[in-house]
Amino acid sequence: MPRFSIIVPVFKVQGYLRECLDSVLGQSYGDFEVVAVDDRSPDGCGAILDEYADRDPRVRVLHLSENVGPGRARNAGLEQAKGDYVLFLDSDDAYTPGLLAAVAGRLDGAGDPDLLVFDHVRTHWWGRGGRSAASALLEAAGQDAFSLRERPEYTGLFLVAWNKAYRRSFFQEHGLEYRPGLYEDAPVTYRSMVLADRIVCLNRIGVEYRQRRQGAITRTPGRRHFEIFRQYEGLFAFLEGRPDLVWARPLLFERALDHMLFVLSRPDRVTPADRPDFYRGIRAFHRRHLPAGFAPPEGPRGTEMRLPASAPYASYAALRGLREARAAAERNRRRTARAVSARTRGAWYAARSRLPLDPGLVLYSSAHHGGVGGDPAAIHAKAREIAPQLRGVWVVREEAVDSLPPGVDHVTPGSARFHAVAARAAYWVNDVNWPGGPAKRPGSVHIHTHQGTPLKYMGADLLGKPGARHGFSVPQMLRRADRWDYSLVANRHSELVWERAYPCHFTSVRTGSPRNDVLVRAGEGAGRSFRLRHGIPEDHTVVLYAPTRRDYRRGGHVERIDLARFAADLGEGHTLVVRLHPTLASGPARGMGLADLARRGTVVDATDEPHAAEVMLAADALVTDYSALMFDYANLDRPIVVHADDWAAFTASRGAYLDITAEAPGHVSRSHRELAWLFASGAWRDEESARLRADFRGRFCEFDDGRAAERVVRTLLLGEPMPGSADVRIPGQAVGGDLLAAT
């Protein structure tokens, strides 16, 4: 008997079916069967299913003699299921890597509950969206099992069949089955949740929920959407026959009304001509099933529920129209307020700019005002040490202020004090471009530190890569870069690239990377604090995995490694630490498995660690694809493995200044099997890897000597020579005007 039966109803999805089946059959956990139900599909789906069944004995195909719809197709599959647990998957959706292993582990740990719920991500035809609205509920559930009576807020979980694992005996015991028609998921979901004694949640994205541009029944306007009333009438008929579930009626009544009002509000479901009839259906349901003492929730939907049962559709339409008009007025008010505020701040900055520059005032920023970090942080720390007469002020977004170290003076972008400080600061230090305003004053010095050695195309080189520069203007970026006075470089490669990528008015300075001083000077015990903080045993080999973002996928995240499998392949005595690219930290990338694995102790999630150097110091080896982190990590002279399984796609979409697979800092893997073998065999730290690393360090760590921050402070901020060092300034480029401006 398999652990899981995965039931897949199939109808007119031949373009998506292979991707769906591959996502299941490619799971690292293999104790399952697939019951694929061909719902008399008129296209090539049946032949595709038979092909997969011939190839994989875990796939069984049931060809129906007539089209019955997804609900009854699921029922047919249930009759054939043999697994301990039943999962449903729509045939145009897909599982995320590692889902079934995570579900199996959660079920085992919870002692086989009645029901498990996991998360999903919407994948639109133009790209992947964000996490679901229920993700916060899944996170708050913790590890304990609960009943809906204990936690009624969990009626807010997504109303679908495919985000759950049902214990099959529980499903059969309560006679659960799907009724014909649209919205068939709702009655089964709610019945199962009120009947379940033990529900558990898995805070992990398990399904790529495809939002098809066309062809989805639920987004096709028409009278079929009136079937929602029949579905909920069936649910409430069940409740009326169960006095022991009287506690659930107010909960489900609210959810039913909310669902109906949601459908009514969607122009892609109910046509304007049908809305009065649909609204009358809602009011009729309200009159028939209103529980005693029912209190509508707060908010817009609750206001709609409070309308009298006799209220005509015109009352509802007027209420929605008034709310939409108020929302539009509020948007206009905010837009006007921002415009007025911008003009006021501009005038304030212009007035303060009449005052002389303050030679002791330095304005710092890092990572789009995200906090104190990177090269600017290293320069600031060194300035406080050797030049206390310099006053440093950081520009920090409001939401990042609480994370600032004690004693750091800061301003928030756009505030009056920001403009006052910006107008007087003699020095501006940043690792990304400053926004368009305020304007650079004559005599002020802008120092651009960058964010590492460039591998992928930057600046003007992106003009030939339209996908990579989607959403921003290269000419505007270069106009902002025209304000740079100095560009810091760690090697001649960077020097040449920056002068090519940014044909602007700056002087290259061979200082090295200030943030890497701590790596170059690392002594015995460096990285110990990170290990202690995360409970990593002293004798463990720490492998840091640092993937970068991809420009060929909207949102930037592509799952290249099955983290659970890699951690298992590393074996005892190893700890896998994962640090996502900063731009992926707040998106769905962690929900695809990282957050769950970190919670279970399978990996350590270091994405939120404020100082990358601490993470690198704690690591005995680095596995990365094309992250600039490798150029910094090379200073430690520790093994590096480049996992380049999609190098061709990466370079085609973004471009690269060197072939990292040919000039790698260590061994290169192009599949998970090769990656696992490098560590199992010990090749990751053999003599060849050491030779490759030495060549790489010699080229790309050329100016990193542990004194970069001091060099910047003395030569650029204080204007004095660096003790025991030659001049590091390189003459600026001979550039006239804006090369990209229209003529």
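Predicted model: local features only at pLDDT ≥ 70, side-chain atom pairs only at ≥ 80, totals over all residues.
Why are tryptophan 647 and phenylalanine 650 separated by about one helical turn? The two are three residues apart in helix α23 (residues 647-654), and therefore about one turn separates them; helices here are DSSP runs of H or I of at least four residues, strands runs of E of at least two, numbered from the N terminus.

Residues are numbered from 1 along each chain as its sequence is written, and side-chain values use heavy atoms, without hydrogens and water.

Select tyrosine 364 and tryptophan 394 next. Their rings form a stacked pair, 5.3 Å centre to centre with 20° between the planes; rings of Phe, Tyr and Trp (its six-membered ring) pair with centres within 6.5 Å, and planes under 30 degrees apart count as stacked, over 60 as edge-to-face and the rest as tilted. Tyrosine 364 lies in strand β10 (residues 358-365) and tryptophan 394 in strand β11 (residues 391-395), 30 residues apart. Both residues are buried, that is, under 20% relative accessible area, with exposed over 50% and partly exposed in between (1.4 Å probe, protein chains only).

Tryptophan 647 counts as buried at 13% relative accessibility, and phenylalanine 650 at 0%.

Finally, select Tyr232, Phe236, Phe253, Phe285 and Phe294, which ring pairs link into a cluster.
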